[in-house]
Amino acid sequence: MKKKSKKNILFNFILIATIAFFVLAYVGVKLKYDILLKDRTLQEKELKNKNNLQLNLMAHKQSLSTETRIVELASTKLGLVNYLSADQTIIVNKTDIVKLDKKLGGKNE
């Protein structure tokens, strides 16, 4: 073989090896990128599901804490009665309070 053909073979081998290295590196990076993209998509779905669950739980809490439900439970299960107005009104004059205070002489303090 000639010296020039040896140099050409060596040059072609180095060129092919370099191209193969870059192609394999590109494929490896592309695979890693696809895996990371898939993981990101799955995590976004999981986050959306957790946000929906939190929203559903908040709506359920609000439905359980409505005034109508609480009043209904209090009246049916606990036997409580809802009074909308006072049965009796007591009216006292200010002068009567002052007279009583003078009689007691500040004993109620």
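These are my notebook entries on a predicted model of one protein chain.

**Ground rules.** I number residues from 1 along the chain as its sequence is written, and my side-chain values use heavy atoms, without hydrogens or water. As the model is predicted, I take local features at pLDDT of at least 70 and side-chain atom pairs at pLDDT 80 or more, while totals for chains, interfaces and linings use all residues.

**Confidence.** I looked up pLDDT, the predictor's confidence in each residue, from 0 to 100. The chain has a mean of 89, and 94% of its residues reach 70 or more. Confidence is highest in helix 1 (residues 3–64), at a mean of 95, and lowest in helix 3 (residues 94–104), at 86.

**Fold.** Along the sequence the pattern reads α-α-α. The radius of gyration is 43 Å, well over the 13 Å that the globule rule gives for 109 residues, so the chain is more spread out than a compact globule. I note that this radius is taken over C-alpha atoms, and that the rule is 2.2 Å times the number of residues to the power 0.38. Along the principal axes, the C-alpha atoms fill a box of roughly 135 × 40 × 20 Å.

**Surface.** I find that 1% of the 109 residues count as buried. Buried means under 20% relative accessible area, exposed over 50%, and partly exposed in between, with a 1.4 Å probe and protein chains only. The chain exposes about 11200 Å², of which carbon and sulfur atoms supply 64%; the area comes from the Shrake-Rupley method with a 1.4 Å probe.

**Aromatic rings.** I found 1 aromatic pair in the structure. The ring centres of Phe21 and Phe22 are 5.6 Å apart and their planes stand at 70 degrees, so the pair is edge-to-face. For a pair, centres must lie within 6.5 Å; planes under 30 degrees apart are stacked, over 60 edge-to-face, and the rest tilted. Phe21 is exposed at 55% relative accessible area, and Phe22 is exposed at 54%.

**Two distances.** I placed Leu64 in helix 1, where Leu64 is partly exposed at 36% relative accessibility. Leu64 and Lys103 are 39 residues apart along the chain, and their C-alpha atoms are separated by 54 Å. I then placed Ile91 in the loop between helix 2 (67–76) and helix 3. Ile91 is exposed, with a relative accessible area of 75%. From Ile91 to Ala59 I read 32 residues in sequence and 46 Å in space, C-alpha to C-alpha.

How values were computed:
Helix = DSSP H or I, 4+ residues; strand = E, 2+ residues; numbered from the N terminus. Phe/Tyr/Trp six-rings, centres within 6.5 Å; stacked < 30°, edge-to-face > 60°.
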